[in-house]
Amino acid sequence: MKTKTRTAAVRTLSLGLGVALLATACSSGGTGEAEETSGDTGDSTTITWWHNSNTAPGKDYYEKVAADFSEANPGVRIEVSAMQHDDMVTKLDAAFQSGDAPDVYMERGGGEMQAHVEAGLTKDLSEVAADTISTLGSSVAGWQIDGQTYGLPFSMGVVGFWYNKAIFEQAGVTEAPATWDEFYAVIDKLKAAGVEPISVGVGEKWPAAHYWYYFALRECSQKVLQDGVSSLDFSDPCFVKAGEDLEKLVAAEPFNAGFLSTPAQKGPTSASALLATGKVAMELAGHWEPGVMQGLTEDKQGLGEDTGWFPFPAVTGGKGDPAAVLGGGDAWAVSEGAPDAAVDFVKYLLSDEVQQGFAEQDMGLPTNPAAVEFVKDPALAALLEVRDSSPFVQLYFDTAFGTSVGGAMNDAIALVFASSGSAQDIVDATQSAADAEK
Amino acid sequence: MTDVADDTTAPRGATVSPATSTTQAPVVGRATARPTARVAGGRRGPGPAWRKRAEIAFFVAPALLLFLFFVVWPIVKAVQFSLYRWKGFGPLVDFVGLRNYVSVLQNDVFTDALQHNLTIVVCSILIQLPLGLAIALLLNRRLWGQGVLRTIIFVPYVLAEVIAGVVWFQLLQPQYGVIDAVLGVVGLEGPPQGWLGTPDKAMIAVIAVLTWKYLGLAVILFLAGLQGVPEELYEASQLDGASWWQTQRRITIPLLGPTVRTWAFLSMIGSLQLFDMVWILTKGGPANATTTMVTFLVTEGTKRQNFGIASAASVILFVVALTFALLYQRFVMRRDTQDPAPRKKAHR
Amino acid sequence: MSAGTLTPPSTGQPPRATGRRRGVKRPGGGSPLVYGLALVVVALTVGPVLYGVLGGFRSNAQLAETPAGLPSPWVLSNYSGVLTNPDFWRYTLNSTVIALVTTAIVVVFGMMAAYPLARYRFRGREQLFLVFVAGLLFPATVAIIPLFILITKDLQLGNTWWGVALPQAAFALPTTVIILRPFLQALPDELEEAALLDGASRVGFFWRILVPLSGPGMVTVGVLAFVGSWNAYLLPLLLLQGGMKTLPLGVADYSSEYSSDTAGVFAFTSLAMIPALVFFLAMQKRIVNGLQGAVKG
C-alpha cells in the first residue's frame with residue numbers, strides 16, 4: 001500500500017508540475033491574445049473600447065462599426081470588449097484604480113462622472129469635439145461640469161408608465177390618467193377586475209427610487225430642483241412632500257406580491273417579466289422596457305400591440321412642470337492619456353451614419369437629431385417625441401448625485417416601500433450622505 | 001485558536017502538543033546515545049541548529065512568501081485605506097484618522113448586520129449540529145448505496161454559490177415558486193409577499209438555504225469522525241445489551257466531541273464572513289433585513305465607492321472574528337488541548 | 001472567493017494499533033425507516049439541483065409563464081447551444097488549468113509548510129501558525145482591490161493563468177495548513193527517528209516517507225482547493241477577459257444590461273457544475289478515507 005500511495009502522490013505532483021509548465025508555456029500566448037495595452041507603436045495605434053452590448057444585435061453592430069472605422073483610418077486598430085453591464089462596471093472601477101482604463105468607455109454622467117473628472121481620469125471634450133456637441137444640443141447637459149463637456153451621449157431616454165392596453169380595456173379604463181387622483185381611480189378599477197395594478201423592482205432599489213425622483217420633479221419647481229441638485233441641499237419642504245406622496249401610494253397597496261424582493265428586469269419573476277406576461281397592468285420604467293419585454297416572451301413580441309405608455313401623472317398643487325421628464329442615458333467618454341484617434345472614434349460613433357444604424361437596430365434612443373426618424377419601433381418613436389418636446393429632462397438623481405449619496409438615498413426610499421421608513425427619513429439620509437461628501 | 005486542529009488529537013501516540021513543545025525533539029535523546037549517527041539537528045551545538053533553522057526556512061518559505069505577498073500585503077493596504085476617505089481612484093490624500101471607524105460603528109445598518117451575523121452563527125450551529133449528527137449516525141449504519149448517499153449529501157457544497165443562489169431564488173418566488181406550491185400541497189401557505197420579500201421571513205429563508213448548502217459538510221466531517229470510534233466499544237456495549245440509541249448517546253456522541261468542536265469553530269468563522277449566498281438571494285434586503293457585515297462593506301465599497309468605510313468595516317469584522325476565535329479557543333477548546341498525561345518520549 | 005468555504009479539519013485521532021478492518025462492523029443495518037429517511041434527505045438535497053437542470057430544458061417564456069412547471073415542450077436548444085459554443089469549451093479549459101495549477105501549488109507549498117509546523121519544534125512556531133490562521137479571519141473581498149492593483153500593475157500578470165492561480169493558492173493556504181498539520185502530527189515519531197538513524201536528512205524523510213503516507217490528506221486539501229478554484233468568481237472577474245475567462249464568468253454572457261436568458265443560465269450552470277461533481281465523485285472515497293487516514297496513520 002505504501003507503494004501505491006507513493007506512486008499516487010508522485011503522479012499527482014508530476015501532473016501538477018506538468019500542468020504548471022504547460023501553463024507557463026501557454027500563458028504567454030494567453031497574455032498576447034487579449035492584450036489591453038493601447039498606444040502608438042510606430043505606425044499603428046490601438047484603441048481599447050469597452051461597451052455593454054454583449055448580446056446580438058448590438059454586439060455584431062458594434063464590431064462592424066469598429067471595422068468600418070479601422071478601414072477608414074488606416075493604422076488605427078480598435079480592440080473591442082463587449083461585456084455584461086454589471087461586470088463592465090466592476091471592471092471599469094478596477095481599471096481606473098490600477099490606472100489601466102480603456103480609451104473609450106461608457107459614462108452615465110452626473111456625480112458618477114464627476115468623481116472621474118476630479119481624479120483627472122476623463123478627457124475634456126469641449127474643444128476637440130465642439131461640432132459634435134453642438135449637434136447633440138441640450139442632451140449633453142448631464143455630462144457637463146462647469147460648462148465643460150466630458151461625455152458625448154449616444155442614447156438618452158425618459159421614464160414613464162408602460163401599460164398593457166388589453167388589461168386596461170378589460171378593467172374599463174378608457175383613458176390614461178393625467179393626474180394622481182385619476183391614477184388612484186385607475187388602481188381601484190384594476191383591483192376590482194382582479195389584476196395586480198403595478199409591478200416594481202424594489203429588490204434592486206433603483207426602480208423604486210424613480211417614483212420618489214418623479215414626485216420630487218412634480219412637487220418642486222425647476223429652479224428649486226436644480227439648485228438642490230447642484231448644491232446638494234434638500235432643505236426645501238417640497239422634497240418631504242414628495243416622500244409623503246410616495247407614502248400615500250405605498251399605502252394604497254397597488255404593487256405585485258413580493259415586490260420588496262422583485263428584481264427589475266432579469267429573469268421570469270422580474271417586474272418587466274410580470275408586465276410582459278400579463279400578470280400586472282403597468283410598470284414605471286425607462287426606454288429599455290419594450291426590448292426587455294420582447295426578450296421575456298415566447299414569441300419575442302412582448303406586449304406587441306398592447307404596449308402603451310403614458311407620462312407620470314401631475315400632482316395637484318405641485319410646483320413642478322407636469323411635462324418635465326426624468327431620464328438618463330449613456331455617453332461615450334475618452335480616458336485622459338488616450339491617443340487622439342480615440343477622440344476621432346468617439347466623434348465617429350456620434351456621427352449621423354452610426355447613430356442611424358444604432359436607431360435601426362433598436363439599440364436605444366439616439367441623441368443625434370439626424371437619426372431620430374430611423375427608429376422603427378413605434379413605442380420608442382413615441383418616446384423620442386416626448387423626450388424632444390419636453391421642457392426639462394432631469395437626470396436620474398442617483399446618477400446625478402454620485403454613487404455614495406445616490407446609494408444612501410435609494411436605500412431610504414426602499415425603506416419607505418417596506419413601510420419602515422418615512423418621508424423625512426429620505427431627506428435626512430440623502431442630506432447626511434451629501435454632507436459627508438463635502 | 002492556534003490549537004484549533006491540535007485539540008482533536010488525543011495525547012496518546014505520536015502527537016505533538018504545543019503545551020509540551022518546549023522539549024527537544026525526541027531524536028535528540030536517541031542520537032546522542034549513538035555517537036556514530038550523523039543526524040540533522042541531532043546534536044546540540046551551533047552547526048546543526050543552524051542547519052535545522054535553514055531547513056525550516058526552506059520548507060516554510062514558499063508558502064509563507066506566497067501568503068505574505070498575496071494575502072497579508074493587500075490586507076495591510078486595505079487597513080491603510082481605512083484611515084482615508086477614498087473613492088477608489090487617484091491618490092490617497094484625504095486622511096481622516098479614525099472617523100471611518102466611528103461612522104461605521106454608529107451606522108444602524110452595520111450594527112444590525114452584526115446582529116444578523118450573530119443570529120446566523122447561532123442558528124447554523126443549533127440547526128446543523130443535531131441534523132448533521134442524526135444524518136451521520138444514520139449513514140453510519142450499513143446501508144446499501146452508502147457511498148452514493150455520501151456523495152449526494154455533499155453535492156450542495158460542491159455547487160458554486162452563483163448556481164445555488166440562482167436556483168433557490170427562483171424556488172422561493174411567491175405564488176409561482178416551487179416552495180410555495182409544495183407548501184400548498186400540505187395545506188400551508190407561504191407569506192403573501194414571498195419568503196424573500198417579507199422582512200420578517202427573509203432571514204428564515206436565508207438560513208434554510210444556508211443549511212441546505214452546508215449541512216453536507218457537517219455530515220461528512222461527523223462521518224469521518226465516527227470512523228474513529230473503536231469497534232471494541234460497540235461490541236462491548238452490544239454485549240452489555242445496550243440499544244442502538246443508548247450506544248449512540250453514551251459512547252459515540254461524546255467521542256465525537258473534538259470533531260464537533262472543530263467543525264463548530266469553522267462554522268462560526270464562516271458565518272461571520274458570510275456573503276455570496278446572501279448577496280445573490282437578497283442583496284441584504286428586503287429593507288436591510290438580511291444584511292451581513294460583508295454585504296455592508298461590499299455595498300459601501302464597490303457600490304458606493306466609499307473604500308475608507310469599507311476597509312474600516314472589514315477591520316472591525318476582523319477584530320470581531322479574532323475575539324470570537326480567541327474566546328472559543330480558551331473556553332471551548334480548552335478541554336481538548338490539555339494533556340492529562342505528560343509525554344514520556346522526550347525523557348528517553 | 002467564497003466567504004462561506006468551510007474546511008474539514010482532520011479528526012487527527014492517533015492510529016489504533018489494533019489493525020481493525022474498516023467499514024465492516026457497523027451498529028445496526030438498513031431498516032425501512034432508515035431508507036425512508038435517507039430518501040427524504042436525498043430528495044431535499046438534490047431537488048433544487050434538479051430544478052436547475054430541468055430549467056435548462058425550458059424556454060424563457062415558459063419560465064416566465066409558469067416558473068414551477070415541468071418542461072413542456074422540452075427545449076433542447078439551450079443545452080445544445082451551450083455545448084456547441086466554442087466559448088464554453090474555452091472557458092472550461094481555462095477553469096481546468098487554473099484549478100489544477102492552484103491545486104498543485106496549494107498541495108506542494110501547503111505540505112512543505114505544514115511539515116515544520118507539525119513536526120519540528122522551534123521558537124515562534126505557534127506565532128507562525130497564527131499568521132496563517134489570521135488570514136482566514138479577514139474578508140477577502142476587501143483585499144481584492146489592492147490585490148488587483150498588485151497583479152495587474154506591479155506584476156504585469158493580468159489576464160494570465162498564473163495571475164489568478166497564485167493569489168487563489170495564497171488564499172487557500174491557511175485552511176490547507178490547518179488541515180494538514182494534524183495529519184502530519186499524527187504520524188508516529190518512530191518513523192522519523194528510524195529514517196534519521198538510517199542517515200536520511202529531514203528533507204529526504206519528507207520526500208520519501210512523509211509525502212507518500214500523506215496521500216489521503218493531500219487529496220483532501222487538493223479537492224477542496226480544486227472546488228474552491230473552480231467556483232471562484234470575483235478574482236477571475238477582475239483579472240480575466242475575453243478568451244481567458246473561466247466558467248463562472250461565462251454565466252454573464254447570458255445576461256445583458258436589461259435582460260437575462262434565464263433558461264440559458266440554467267443550462268450553462270448545469271453543465272458547468274459537471275466537472276466539479278465528477279472530480280469530487282472520483283475523489284470522495286479518498287476524502288473520507290483521507291480523514292479516516294489521519295486516524296489510521
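**The core and its surroundings**

Reply: Bear in mind that this is a predicted model. The largest nonpolar core counts 316 residues, and the members that touch the most other members are Leu152(A), Trp212(A), Val346(A), Met409(A), Val219(B), Ala313(B) and Leu173(C). As general background, nonpolar side chains in soluble globular proteins tend to be buried together.

Let's zoom in on Leu152(A). Leaving aside residues up to four places away in sequence, Leu152(A) touches Leu125(A), Ala129(A), Thr132(A), Leu136(A) and Val140(A), and also Ala331(A), Trp332(A), Val346(A) and Leu350(A).

Now step back to chain A as a whole. It has 438 residues, 55% of them buried, and its secondary structure comes to 18 helices and 13 strands. If you take the contacts in chain A between residues at least 6 apart in sequence, 71% of them join residues at least 24 apart.

Strand β8 of chain A, residues 160-164, is mostly covered, with five of its five residues buried. It has a partner in strand β10 of chain A (residues 280-285), and the two pair in the antiparallel sense over four bridges. In that pairing, Phe161(A) stands opposite Leu284(A) of β10(A). Strand β11 of chain A (residues 307-310) also pairs with β8(A), again antiparallel and over four bridges. Here you'll find Asn164(A) opposite Thr307(A) of β11(A).

Between the two, eight residues of domain 1 of chain C are in contact with seven residues of domain 2 of chain C. On the domain 1 side, the elements that give two or more residues are α1 (32-55) and α2 (60-65) of chain C. Of these, α1(C) gives the most, with three residues. By residue type, that side of domain 1 of chain C divides into two nonpolar, five polar and one charged.

Terms used: Residues are numbered from 1 along each chain as its sequence is written. Chains are lettered from A and ligands numbered from 1 in the order in which they are written. This is a predicted model: local features need pLDDT of at least 70, side-chain atom pairs count only at pLDDT 80 or more; totals for chains, interfaces and linings use all residues. Ala, Val, Leu, Ile, Met, Phe, Trp, Tyr, Cys and Pro count as nonpolar, Asp, Glu, Lys and Arg as charged, and the others, Gly among them, as polar. A residue is buried if 20 or more other C-beta atoms lie within 10 Å of its own, exposed if 12 or fewer, and partly exposed in between; C-beta atoms are placed from the backbone. A nonpolar core is a set of buried Ala, Val, Leu, Ile, Met, Phe, Trp, Tyr and Cys residues joined through C-beta atoms within 7 Å. Two strands pair if DSSP finds at least two bridges between them.
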